[in-house]
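Open the model in a viewer with the sequence panel alongside. The stops below say what to select next and what is there.

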Amino acid sequence: MSFCDQLNQYIDDLGCSAKDLASASGISPAAISRYRTGERTPDPDSKQMRMLAEGIAKLSSGRFSEDAVHDSLAVEISGIAVDYDTYLANLKSLLSALSTNNNELARALNFDPSYISRILGGQRRPADLQAFTQGVAQFATRKGTSNGSSESLRTLIGSPWADAKSDEERAQAVATWLETNYAPTHNPIGSFLEKLDTFNLNDFIRAIRFDEIKVPTTPIQLPTTKTYTGIHEMMDCELDFLKAAVLSKSSADVIMYSDMPIEEMAGDEDFSKKWMLGIAMLLKKGLRLRIVHDTNRPLFEMMIGLEGWIPMYMTGQIEPYYFNSAQNDVFCHLLKVAGSVAMQGEAIAGHQAEGRYTLTKNRDEVRYYRKRAERMIGRARPLMRIVTASNAEELVAFQRSSAETAARRRVIMSVPPIGCIPHDLLEQILRRNGLPASEREAIAAFAQEQSDLFESALSQNEVRFELPSIGREEFEGHPASLGLSALFREEAVPYTYDEYAQHLEALREAVGRHENCSLVVDGSMPFRNMQITICKGKHVLVSKNADPVIHFIIEHPAMVAAFERFAAPITD
């Protein structure tokens with residue numbers, strides 16, 4: 001049935017005239033006439049479509065709901081039951097679950113990668129949405145059944161995927177889910193950023209009583225070498241390793257790697273608490289932890305795992321790594337080394353209960369495993385470079401290098417960038433906040449340096465800035481402060497509303513001077529404490545402005561691609 005046929009069916013069922021519908025909907029009789037003949041079709045997401053559905057629902061006296069009418073008409077136009085924004089959100093969630101990227105999807109559909117990017121960015125719609133959906137569904141089915149993402153699709157789509165008996169049925173399950181899913185899906189990047197934005201290190205320290213933790217010095221009695229078998233003994237081995245590492249007199253880095261499934265361990269609340277306490281003690285002792293994360297799994301699983309590490313990342317004592325290639329999917333391995341103790345284990349994938357795990361304090365053995373662990377780190381890549389005040393020069397070097405990198409950029413901010421603030425306005429804000437001359441001079445010099453980087457990026461690249469639309473009342477309830485995270489200043493320097501408005505206007509003027517740049521000011525504030533700079537196909541810089549000030553430089557391809565697809569939760 002076509003859109004005009006469905007519309008005429010409603011008019012016949014209601015026994016009303018086109019004039020009655022025009023009056024009830026607020027749409028002109030001429031437009032209603034064109035809709036009925038098929039001469040014109042409204043956009044599924046348009047105001048006219050909503051008005052039409054509202055008018056039909058009103059005339060039905062309760063027989064039809066506005067949403068049901070809207071969906072039935074929309075599906076005849078676009079081939080999907082959900083609105084296009086929801087369809088797009090579903091598509092992004094599907095691609096995240098598959099841990100794929102735009103180029104791979106483009107090759108599968110025989111499209112130009114830039115066209116896929118514009119579709120995912122909301123700038124274009126597929127000319128034939130139904131054909132596009134079927135193509136995506138077939139691609140997802142092939143990808144899901146060949147790279148181990150089947151479980152991710154089962155989680156995302158549910159029983160239609162799990163119960164499907166053939167690839168044809170699986171593809172249909174994917175297509176139906178894309179076209180009909182109204183339920184909000186887990187956004188792994190959004191969830192990670194939300195937790196990062198709201199995390200307060202001081203609150204966390206108080207919650208776990210970190211300041212009260214006493215690093216024990218009394219030695220524990222462990223044999224020089226001990227073997228553990230099975231999941232529960234593996235947990236004992238993990239805890240014994242942490243105890244021995246905490247009690248060691250060595251200040252050597254702790255290196256940790258495991259591709260063992262952790263579901264059962266994570267589900268043991270008592271073990272999880274003890275394990276986290278052991279990690280906290282290592283950090284309290286002042287040790288650096290070099291962790292090789294297992295990233296060869298679906299993105300949403302990887303991001304959920306990384307969320308649990310956020311409190312530890314905030315200490316600045318964690319170096320996260322990953323392997324660029326997939327590891328052996330038959331054997332699972334575990335290797336952890338501290339100053340005077342090492343732990344290693346192996347198992348056949350899926351049979352961890354039969355695995356063997358060894359803890360050793362033998363000096364020669366520990367020396368061997370230390371060298372092996374360091375060789376392992378040498379083969380790994382940084383998952384994130386975590387920059388705090390202690391290694392601030394790394395951020396400066398990165399910013400300069402990034403400014404010279406030719407790539408499209410998307411910058412999601414809570415406040416305008418300090419690089420575009422007028423000198424007089426900055427001086428006014430600093431004086432009003434009572435900052436001494438030395439601090440004012442330091443911030444002014446920092447702002448000038450950021451201005452040079454800002455202009456360099458805008459003059460050479462396509463840049464899209466995204467900022468929330470903040471009214472005076474909302475601002476008074478949640479005052480904004482200057483974005484000084486790159487200066488590693490913990491004390492906030494708040495604006496007045498008028499000062500904020502002037503800074504925003506300065507950003508508008510700066511963007512207006514460059515044809516390849518744009519500014520979107522819309523919706524409510526997605527994050528109050530962060531700025532995210534996405535350099536397409538290259539890297540992402542996530543900067544947290546306070547509690548504590550910290551920066552994450554991300555170059556992992558799957559994570560960068562997921563950030564590119566990320567839709568900030570800005571709502572009207």
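**Stop 1: helix α2 and its cover**

Select helix α2 (residues 18-25), where L21, A22, A24 and S25 are buried. Buried means under 20% relative accessible area, exposed means over 50%, and partly exposed lies in between, with a 1.4 Å probe and protein chains only. Helices (H or I, at least four residues) and strands (E, at least two) are DSSP runs, numbered from the N terminus. This is a predicted model in which local features need pLDDT of at least 70 and side-chain atom pairs count only at pLDDT 80 or more, while totals for chains, interfaces and linings use all residues. Residues are numbered from 1 along each chain as its sequence is written, and side-chain values use heavy atoms, with hydrogens and water left out.

Now show what covers the buried residues of α2: the cover includes α1, α3 (29-37) and α4, where contact means heavy atoms within 4.5 Å. Just after α2, select G26, which takes a positive phi of about 85°.

**Stop 2: α1 against α4**

Keep two of the covering helices on screen. Helix α1 (residues 3-14) and helix α4 (residues 47-59) pack at about 25°, and their axes are 10 Å apart. The angle makes α1 roughly parallel to α4. Axes are lines fitted to C-alpha atoms, for helices over the stretch in contact, and angles run from 0 to 180 degrees between N-to-C directions. Angles under 35 degrees count as roughly parallel, over 145 as roughly antiparallel, 65 to 115 as roughly perpendicular, and the rest as oblique.

The crossing of α1 and α4 is left-handed; that is, the near helix is turned anticlockwise from the far one by less than a right angle, whereas clockwise would be right-handed. To see the contact, show F3, L7, Y10 and L14 of α1 together with M49, L52, I56 and L59 of α4. By class, this contact of α1 with α4 has eight nonpolar residues, no polar and no charged ones. Ala, Val, Leu, Ile, Met, Phe, Trp, Tyr, Cys and Pro count as nonpolar, Asp, Glu, Lys and Arg as charged, and the others, Gly among them, as polar. An α-helix has 3.6 residues a turn, so residues three or four places apart point the same way.

**Stop 3: N110**

Go to the loop between α7 (102-109) and α8 (113-120), where N110 is placed. N110 has a positive phi of about 60° although it is not a glycine. Is N110 buried or exposed? With a relative accessible area of 71%, N110 is exposed.

**Stop 4**

Select E238 in helix α15 (residues 230-247). E238 is buried, at 2% relative accessible area.

Next select E374 in helix α20 (residues 363-379). E374 counts as partly exposed, at 41% relative accessibility.

**Stop 5**

Show helix α22 (residues 423-432) with helix α25 (residues 497-512), which pack at about 155° with axes 11 Å apart. α22 and α25 are therefore roughly antiparallel to each other, and their crossing is left-handed. The contact is made by L425, Q428, I429 and R432 of α22 and by E499, Q502 and H503 of α25. These residues divide into two nonpolar, three polar and two charged.

Centre on H503, in helix α25. H503 counts as buried, at 0% relative accessibility. Which residues does H503 touch, not counting those up to four places away in sequence? They are P416, P417, I418, C420, I421, L425 and Y495. The C-alpha atoms of H503 and L426, 77 residues apart along the chain, are separated by 9.0 Å.

Then step to F488, in the loop between α24 (472-477) and α25. F488 has a positive phi of about 55° although it is not a glycine, and at 14% relative accessibility F488 counts as buried.

**Stop 5: the whole chain**

Zoom out. The protein has 26 helices and 15 strands, and buried residues make up 51% of its 572 residues. Of the contacts in the protein with a separation of 6 or more, 76% are between residues 24 or more positions apart.
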